[in-house]
Amino acid sequence: MTLNTSRRGFLESAAAAAAVLYVGVRPDGALAAGAAPAQLNPFVKIDADGTVTAIVKHFEKGQGPATGLTTLIAEELGVSMEDIQYEFAPSDPSRYANLAFGQMQGTGGSTAMANSFMQYRQAGAAAREMLIKAAAEAWGADATELTLEDGVIKGAGQEAPLAEFVAATAQMEAPAEPRLKDPSEFRLIGNASVKRKDSLPKTNGTAMYAMDLHLPNQMVAVIIRTPRMGGLASGFDDAGAKAVKGYIRAAVLPNQAGVAVYAEDTWAAFQARDAITVDWDFSNAESRSSDQIREELLAAVNAEPEYNVTGADHAATTEQIEGAAQVVEQTFYFPLLAHAPMEPLTCTIEADADGGVTLHDGCQFPTGPHMALAQIFQLPMEKVRINTMFAGGSFGRRATPTADYQVEAALAFALTDRTRPVKLVWSREDDITGGYYRPAVAHRVRVGLDAAGNITGWDHRIAAQSILKGTAFESMMVHGGVDHSSVEGVADTPYRIPGQFTGLTDVAKATSVLWWRSVGHTHTAYVMEVMMDEAARAAGRDPVDFRLTLLEGGGDDQQRLAGVLILAADKGGWGSAPEGRSQGIAVHKSFGSYVAELVEISGNADGGVKIEKVTCAVDCGIAVNPDVIKAQMEGGIGYGLGHAMRNVITLTGGEVDQFNFPDYEPLRIGDIGAIEVHIVPSAEMPTGVGEPGTPPSAPALANAIAVNGPRVTALPMNLNGVSFA
Amino acid sequence: MALSLKLNGRTHQVEAEPGTPLLWVIRDELKLTGTKFGCGVAACGACTVHLDGQPVRSCQTYVEDAEGAEITTIEGLDSKVSKAVQDAWVELDVVQCGYCQSGQIMSAVGLLSENPKPTVEEIDDYMNSNACRCATYQRIRAAIQRASEMMEA
Ligand code: FES
Ligand code: FES
């Protein structure tokens, strides 16, 4: 690493009345400091009065970066969690690129902590060294004698708050390689008593979500979208809407994807929309039903696959299975699913005095909407500003490669005279019917077992609607025709399976599809872990032992997977379920993290299953905020189980059949008795926690149900032979 | 029509069409945005407010029907019970995205006001129609029990 500073940045702003210290990195990744943020990508800001602010580049949808990234700065700088605040970074991909996405600024794939662990710590450590150096100079002391703890610099018989030295750092260059704490010195990282930074505002109603923004003179816009993918709006009749007080007008969107309805407030917009009829051109619109899509997917998994994903010898696998003592075979089907984040989608666009625009949004991938808005308004990137607000959940929905709802808002705004801010609001019905679903997927698996119960071959075929093909992410995540997100969790399983073949066939979409909490792992973990149980049962082996055999003799990957499996089995009392209860277990690696879950149920599929307890073990490297990790596991488990139990999106003639929560029933408080989370101590780099809790939950439940009931191979469970208490 | 609403201890004169949900008057007219819109059909509880101390879904309450009642929103909570609930929520870090939590807290205050020592079954029963898409239910249950303890102290 070379020595770098933003000396020019400092000189330019040296005249500024109040000294401020920014520490971050330059575009080339080198550490840098300055008195203005212009020349660097700041991760921490220290004001002249000593106020420390972490600049959080990943958005907060509940998964905790506001707490996590702040913890990293506080740890290395030497301030308490109470004495550090945070703000969201502005959208500027040249500064805040998420290393995992190349030049995109975004949050997804559970990358926030992995990406930032070193960057934020280094920034905090550099700031500490600069402040200590300034104090040493002021006191004529040796910097090595001084410490910075809880915001106070001490040593050489002196003691003063860090605020006193902020001004003096303006003359300094950032250290190229500040000393980072040894994990044994951590006080905040790994500390289970560190509290979330956002609990209070989210508990007293003051947290501001994009839905809560109310700009002076704003209009509310709602959209009447085509009910079938590919339908085009050609005109409308708003005679009925004119009677609605507060209705302003309606207009066909330039891309004909719908009609924008403008009103003075939200209720008027909803009322007016109900009173407008749209003329649709459905000549190129989707008309298939979900039953037809299901048939197409099932036909595809029973035919020769389009892609051989790993280049394995398919003929050899077939031979090994044909010659086996026993063959276990299952076909699986997974339906479309909506994300349904609690806050319906919304954002606001307003004109800025300099001819630019500002987007106010709970923005997950700022770069996408940033570029889309620049294009729509024909503006240079620097004249598009994004104000990142709290997001009421996402689960992937707020990050579309098309920036769908931000583009809608931009088009609706562009159709006005741009003197009034336009707030786009989605209703829950818009959300449930609005597309961008977890794709429908089918799997067919044949497993051969020899007389001793060992696997001889594993033929695994997947038919899926590709999430990434045809999007801006295609070049990054589709290789040789294979959309990795369709096969992740199967093709790259840590299990050492002899004779494993993975085939993939793409099936055309009948609706827009999108990543959904844990992406491909939502279905691949289910199939892998249900088939593991089926194979273990056929082999007459204990499901945990059977899995461990397939992990024996492996490397780090296998050992960590085995580690969480053993821990969950141990803590959850595997094999010693109380009378009347059944247990199921599943383990899966996703986003670099290893998670095992043991589900214990009472009742049975006929009389009503009740999920009594879930025991989870997670290995996600160094646990930065253990309590946030536990919360993410609890949430991920609930999300996975709730959808597996009873959620489905179906289409009739191309139109979505579900509308709102009554027919897309969320998990409720009484559905899961208790969840217990255990974290494996680790010195590895931190990995994701937002998604990895989800994949093992549904197969663990399926495995528990199969102990005394049916083997569920199609979801949701309640429509496939399982009743719930 | 002109209406007079008693909200969080103050009287507000508002203009609203009959049949307008109280939710939208609170959010868009009075600009108190702690009360959330989640479904509009009484299926999620995000819009929960108190009318004379009773939790109701403001998305399904006509504004004219709230005239004369004491309306309390999350911003106006101020009682021993509500303090215990909010303190317990912070102590246990219940929130994730947080969007459902105003409604959860309004319901929890309703529960503990009428039943200061609820059993787990009573908690699950009472809170059943408050959805949390982040599935913070474990902590909601624990925080209600913790608040119940704090109220005794
Ligand atoms: S918004 Fe009222 S219950 Fe959902
Ligand atoms: S905390 Fe996100 S919906 Fe409840």
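Figure 1. With a relative accessibility of 21%, A:W280 counts as partly exposed. This is a predicted model, so keep that in mind for every view here. A:F282 comes out partly exposed too, at 26% relative accessible area. The two rings, A:W280 and A:F282, have centres 6.2 Å apart and planes at 20°, so we call the pair stacked. Then there's A:R228, which lies over the face of A:F282 at 4.5 Å from the ring centre.

Figure 2. Over all chains, the count comes to 16 aromatic pairs. One of them is A:Y209 with B:Y99: ring centres 5.3 Å apart and planes at 85°, so the pair is edge-to-face. This pair crosses between chains, with A:Y209 sitting in the loop between α5 (166-169) and β9 (219-225) of chain A, and B:Y99 in the loop between α2 (80-91) and α3 (101-114) of chain B. Buried or exposed, these two, A:Y209 and B:Y99? Both are buried.

**Figure 3. Another charge over a ring.** Here it's A:R517, whose charged end sits over the ring of A:Y639, 5.5 Å from its centre.

**Figure 4. Around a buried glutamate.** A:E408 is found in helix α10 (residues 404-414) of chain A. Why does A:E408 count as buried? Because its relative accessibility is 12%, and the cut-off for buried is under 20%. Leaving aside residues up to four places away in sequence, A:E408 touches A:I223, A:R225, A:L424 and A:W426.

**Figure 5. Inside the nonpolar cores.** The largest nonpolar core has 228 residues, and A:I46, A:Y526 and B:W89 are the ones that touch the most other members. Helix α4 (residues 112-139) of chain A gives the most to this core, putting in 12 residues. Zoom in on B:W89 and, not counting residues up to four places away in sequence, its contacts include A:T203 from the other chain, along with B:V94, B:V95, B:I105 and B:I140. There's also a second, separate core of 31 residues; A:V357, A:A372, A:L373 and A:A403 are among them.

Figure 6. Strands β1 (residues 2-7) and β2 (residues 10-15) of chain B run antiparallel, joined by 6 bridges. Look for B:K6, which stands opposite B:T11 in β2(B). The hairpin has 2 residues between the strands, and B:N8 takes a positive phi near 50°.

**Figure 7. Strand β3 of chain B and its two partners.** In strand β3 (residues 48-51) of chain B, B:T48 and B:H50 point one way while B:V49 and B:L51 point the other way, and all are buried. Which residues partner B:H50? In β4(B) the bridge partner is B:P55, and in β5(B) the partner of B:H50 is B:T72.

Methods:
Residues are numbered from 1 along each chain as its sequence is written. Chains are lettered from A and ligands numbered from 1 in the order in which they are written. This is a predicted model: local features need pLDDT of at least 70, side-chain atom pairs count only at pLDDT 80 or more; totals for chains, interfaces and linings use all residues. Side-chain values use heavy atoms; hydrogens and water are left out. Helices (H or I, at least four residues) and strands (E, at least two) are DSSP runs, numbered from the N terminus. Buried means under 20% relative accessible area, exposed over 50%, partly exposed in between (1.4 Å probe, protein chains only). Contact means heavy atoms within 4.5 Å. Rings of Phe, Tyr and Trp (its six-membered ring) pair if their centres lie within 6.5 Å; planes under 30 degrees apart count as stacked, over 60 as edge-to-face and the rest as tilted. A charge sits over a ring if NZ of Lys or CZ of Arg is within 6 Å of the ring centre and within 35 degrees of the ring normal. A nonpolar core is a set of buried Ala, Val, Leu, Ile, Met, Phe, Trp, Tyr and Cys residues joined through side-chain atoms within 4.5 Å. Two strands pair if DSSP finds at least two bridges between them.
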